[in-house]
Amino acid sequence: MKTNNMQQKAAELALMGRIWLQEQLFPTLQRRRVIGMALAASILAIIYWGIIASDRFVSEAHVIVQKTDLSGGQTADFASLLGGASINRADQLLLRDHLLSVDMLKTLDAQLDLRSHFSDWKRDPLSRMWFKDAPIEQFHNYYLTRASVEFDDYAGLLVIRAQAYDEQMAHAITTAMVAEGERHMNEMAHSLAQDQVAFLEKQVDEMGKRANLARQALLNFQNSKGMASPQNAAENLVGIINRLEGQLADMRTRRAAMLAYLMPNSPSVIEAEQQIAAVEKQIEQEQARLIAPGGKMLNSTVEEYQRLQMDAEFAQDIYKTALVALEQGRIEASRTLKKATLLQKPSMPQYPLEPRRLYNITVFILFTLLLAGITHLLAAIIRDHKD
């Protein structure tokens, strides 16, 4: 009996010990472990951002893209620039895209050897690029963490920032980005203008050849017909025929008047009839001249001449229009120069703005403590559900 009581008490003590372990000791150890891990992570963050993290200097420039207007006669003052009257948003965004592109990175690397600078083993391993010969995709992703170009929509300007491990390199990167961006914008504009001018020059050449062919066809037609202007010749012949027909009508009137008091075989009547016959013959000859060689009427020749003349004049007018368009295109091409105007020159940093040590440490500790609290709360909820 006593043995059974002792066994029962031992079982109760074991059960109470197990309950104490589950409800008191294990939660306490788990909570301390979570807090310890949070404190350890916070200490590591303090050591890294407070001691290990390398200083990074930031150079900044404010840029606005302006297009020259040689014929505008207007000057752009500071107020008009900020007001956005002469700001081309598309140019600003195109420049921003180029400054962050792989092409820009390759240009900067060729000029400043960015790979060697950002992969310097003397810098902390978390902020530097680990491999100097990293693929261009990884290098570009790293470049985007060290360079930024923001478009200020309100002021209409680009804010360019570049980070580097020393102030000279940061200033050099920003300066090179501004210069290369301006060169790229001008090259792009000039390329488009040159393509337009080349197209106009080709059109002018074709229109000039067309005008020459039309004038040559007109000249050949004049030579083949033996007359400079068939239209004038036809008008002259018609005028002569009209005058002869007028004279013929007068002669016939006089002859009729003579027959009223003279005999038909009288010398005056015979002379009048001879004159009438001569004028009629002359009229027939002049009318025959209206028929061109080959049996064509002169009016057909005039129509063909007018068509050739109209073609020549039309081709000449098109050629003149093409010449005007070419000159206008060349003038527009000379006005496509774009300048990246610096509202703020690339700054020479004197104090490392990155990393923001105190800010990063504070945010990391708060986030770690918050995460530890959430973990402890979740563990308590799980225990309650198990019970």
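The model is predicted.

**Entry: H4 against H6**

I began with helix H4, residues 102-112, and helix H6, residues 136-146. Their axes come within 10 Å. I read a crossing angle of roughly 90°. Angles of 65 to 115 degrees count as roughly perpendicular, so H4 and H6 are roughly perpendicular to each other.

Next I listed who meets whom. From H4 I noted Val102, Met104, Leu105, Lys106, Leu108 and Asp109. They meet Ile136, Phe139, His140 and Tyr143 of H6. I sorted the residues of this contact by type: 7 are nonpolar, 1 is polar and 2 are charged.

**Entry: buried faces**

I stayed with H6 and looked up its buried residues. They include Phe139, His140 and Tyr143, which I had already noted in the contact with H4. Tyr142 and Arg146 are buried in H6 as well. I then looked down the axis of H6. The buried residues fall within an arc of 165°, so they line one face of the helix.

**Entry: Val65**

I picked Val65 in strand S1, which covers residues 57-67. Is Val65 buried or exposed? Its relative accessibility is 3%. The cut-off for buried is under 20%, so Val65 counts as buried. I also checked Val65 against Met185, 120 residues apart from it along the chain. Their C-alpha atoms are separated by 8.9 Å.

**Entry: salt bridges**

How many salt bridges does the count come to? I get 7. I went through several of them.

Asp109 forms a salt bridge with Arg115. The closest N and O atoms are 3.7 Å apart. Both Asp109 and Arg115 are buried.

Arg123 pairs with Asp120. Here the closest N and O atoms are 3.9 Å apart. Arg123 is partly exposed, at 25% relative accessible area.

Arg183 and Glu180 meet through their side chains at 2.5 Å, N to O. Both lie in helix H7, residues 167-225. They are 3 residues apart, about one turn of the helix. Arg183 is partly exposed, with a relative accessible area of 41%. Glu180 is buried, with 9%. I also noted a network: salt bridges that share partners join Glu60, Glu150 and Arg161.

**Entry: backbone geometry**

Most residues other than glycine have a negative phi, and most peptide bonds are trans. I looked for departures on both counts.

Asp113 is not a glycine, but has a positive phi of about 55°. I placed Asp113 in the loop between H4 and helix H5, residues 114-118. Asp113 is partly exposed, with a relative accessible area of 37%.

Then I turned to the peptide bond from Glu354 to Pro355: is it cis or trans? I found it cis, with omega near -10°. Pro355 sits in the loop between strand S4, residues 338-344, and helix H11, residues 357-386.

Notes. Residues are numbered from 1 along each chain as its sequence is written. This is a predicted model: local features need pLDDT of at least 70, side-chain atom pairs count only at pLDDT 80 or more; totals for chains, interfaces and linings use all residues. Side-chain values use heavy atoms; hydrogens and water are left out. Axes are lines fitted to C-alpha atoms, for helices over the stretch in contact, and angles run from 0 to 180 degrees between N-to-C directions. Helices (H or I, at least four residues) and strands (E, at least two) are DSSP runs, numbered from the N terminus. Angles under 35 degrees count as roughly parallel, over 145 as roughly antiparallel, 65 to 115 as roughly perpendicular and the rest as oblique. Contact means heavy atoms within 4.5 Å. Ala, Val, Leu, Ile, Met, Phe, Trp, Tyr, Cys and Pro count as nonpolar, Asp, Glu, Lys and Arg as charged, and the others, Gly among them, as polar. Buried means under 20% relative accessible area, exposed over 50%, partly exposed in between (1.4 Å probe, protein chains only). The arc is that of the directions from the helix axis to the C-beta atoms. A salt bridge is a side-chain nitrogen of Lys or Arg within 4 Å of a carboxyl oxygen of Asp or Glu.
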